[in-house]
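Q: Please take a close look at one part of this structure. I would like its sheets and helices described in order, with the residues that matter named.

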Amino acid sequence: MNNTLDLRRLRLYARKELRENWKVLLLGIMALVAANVYVVFSDWQKLQLHNGDYLIDVYPYLILTISVSMWIVSAYMWRGFTTKNKTLTSLTLPISTLERLLFATIIMVPVVTLLCYVIWSCSWGIATPIFKQNFPNAKFIDNQHYWHHQYFVVISLLGAGAFMLGRITLGRLAALKTLGLIAVLLWLVFGMFQMQLLHLIIPNIKDLHIHGIVPWVPPSIEIKTSEIVRYQLSSTQEWFYHLWWAFCLPVLLWVVAYLKLKEKQV
Amino acid sequence: MIEFSNVQFGYGRQQLMNDVSLQLHSGHIYGLLGENGAGKTTLLKMIAGLVFAQKGSVTTLQHNPQKRQPSLLSQLYLVAEDTYTPNVSARTYASTYGVFYPKFEENTFFDYLQKFGVNPDQKLEKVSFGQRKKMVISFALATNVPLLLMDEPTNGLDIPSKSTFRQLAAEAATPERCIIISTHQVRDLERLIDSVVVLHRGKIVLHEDLNALADAGQQPDLEAFFKDSLKTYSPQAV
């Protein structure tokens, strides 16, 4: 018997998960449809408000939907580890840790992305001709670059890794606890620690401005001298910084989640 | 089949098992006895790889249970005291989980359910704790795994069901199978177990083959036996 990865076992595990969670899956799809309908409707209202002179950027909605869905699914995926008796039942099921992780990954990444994409493209596929017919001046921005933007990778994969890890280690209300921990960590690292560090390097620093979400955009700093001077910080090593946030850290979190699951005791 | 050698285990500073060595073989129904908190559940979990020995080693069916390999997990079944079941019917449960156990017999499972008086089509979250436990016991017996671990299986069962449990467990015992039943309700296991292991203050204080005693002309009274073994090792406690 292959103790690491067996496709038959993986299939049986997938069947078990789907049989036990089909209602949740259906509810999730309905929620996605509702979210898309809401977004389409709110853009319709904005068009009416501006008499059709409004730019419609549909891609951020897709990215946001995928990221949030990935977070929710990753928080829900290993709910078999919420309580002691559930953990005991989960851990004695004859499947390997790799199979468990692989199934979670398949659901979290390709399935969620595909599902969000299909619902999003159906919603806008129906809405766009109606919009164009009623508001011929409406402009649709083709911002497809979001797809390969590092924000998307970082927010979705890093978040999914954090929520998976939280589910294994934090027990009850793991999703809320993880969300709280993420907020506190971000505040500590990018609020407290980053400013303290900058103060050590540049004692008369006044402020740190970040145009966008930290830390993936080059920040600018204000230094108090006789007059306030603003510098845009940039480095030749930025690629390394981005690589760490977009790929290394998410992979690291997923590996830690795998190892924690392997070492889980009840 | 199962071997503990010089195992130590504790929760925090509290030492639960101290230098425990034990061998358990197939063809027996072991009664694992001990007071509350003696470490019976922990011992069962250690066999199944749910907790890890801090010192020493545990071998279960030639596997290191700590690795929780599917080849081991498909050969053992643990009936927990407070068992969790998903909200599906017993019929769906059997078709979903039975496939993970190569020797699982669906007909036997339904037969056991009938003997326990459990409706196979009722959702498990809508039935009582006792009914759920009967379903899990039936499933465990029908898996035909060589190693069956049961933690307080009679807790939550009514008197007729306890009798049915004893009957089914006795029928399920084969020379290839090892059944370990942990309990502090000694009376529930009488006339069922053939070997007794008493765990007390982190040690195995008694490991006796009851059949051998019976053959030697000593008809053992399990409760008296249990009390005597505790008295021997801690006279002030009993």
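A: In chain B, three strands make up an open sheet in the order β2-β1-β4, with antiparallel pairing. The model is a predicted one. The edges of this sheet are β2 (14–24) and β4 (55–60) of chain B, each of which pairs on one side only. On average, neighbouring strands of the sheet are turned by 25° against each other, direction ignored. Strand β1 (residues 2–11) of chain B joins β2(B) in the antiparallel sense over seven bridges. In that pairing, B:V7 stands opposite B:V20 of β2(B).

A further strand to follow is β8 (residues 195–200) of chain B. It is mostly covered, with six of its six residues buried. In a regular strand, side chains alternate between the two faces of the sheet. Both faces of β8(B) are covered: one side has B:S195, B:V197 and B:L199, the other has B:V196, B:V198 and B:H200, and all of these are buried.

β8(B) has two pairings to describe. Strand β3 (residues 28–33) of chain B pairs with β8(B) in the parallel sense over four bridges. Within this pairing, B:G31 has B:V196 of β8(B) as its bridge partner. Strand β9 (residues 203–209) of chain B pairs with β8(B) in the antiparallel sense over six bridges. Here B:V196 stands opposite B:E208 of β9(B). The hairpin formed by β8(B) and β9(B) has two residues between the strands, and B:R201 takes a positive phi near 50° there.

Next come the helices. The buried residues of α3(B) are B:A90, B:Y93, B:A94 and B:Y97. These residues lie on the same side of α3(B), because they cover an arc of only 100° around the axis. An α-helix has 3.6 residues a turn, so residues three or four places apart point the same way. Among the elements that cover the buried residues of α3(B) are α4 (106–116) and α5 of chain B.

Helix α5 (residues 129–142) of chain B also packs with helix α6 (residues 159–172) of chain B, at an angle of about 10° and with the axes 11 Å apart. An angle under 35 degrees counts as roughly parallel, so α5(B) is roughly parallel to α6(B). From α5(B), the contact is made by B:G130, B:K134, B:I137 and B:L141, and from α6(B) by B:S161, B:F165, B:L168 and B:A172. Sorted by class, the residues in the contact of α5(B) with α6(B) are five nonpolar, two polar and one charged.

Lastly, chain B meets chain A. The contact takes 20 residues from chain A and 22 residues from chain B. On the chain B side, the elements that give two or more residues are α1 (40–48), α2 (70–73) and α3 (90–97) of chain B. Of the elements, α2(B) gives the most to this side, with three residues. The chain B residues that touch chain A divide into 13 nonpolar, six polar and three charged.

Terms used: Residues are numbered from 1 along each chain as its sequence is written. Chains are lettered from A and ligands numbered from 1 in the order in which they are written. This is a predicted model: local features need pLDDT of at least 70, side-chain atom pairs count only at pLDDT 80 or more; totals for chains, interfaces and linings use all residues. A residue is buried if 20 or more other C-beta atoms lie within 10 Å of its own, exposed if 12 or fewer, and partly exposed in between; C-beta atoms are placed from the backbone. Two strands pair if DSSP finds at least two bridges between them. Two residues are in contact if their C-beta atoms, placed from the backbone, lie within 7 Å. Ala, Val, Leu, Ile, Met, Phe, Trp, Tyr, Cys and Pro count as nonpolar, Asp, Glu, Lys and Arg as charged, and the others, Gly among them, as polar. Axes are lines fitted to C-alpha atoms, for helices over the stretch in contact, and angles run from 0 to 180 degrees between N-to-C directions. Angles under 35 degrees count as roughly parallel, over 145 as roughly antiparallel, 65 to 115 as roughly perpendicular and the rest as oblique. The arc is that of the directions from the helix axis to the C-beta atoms.
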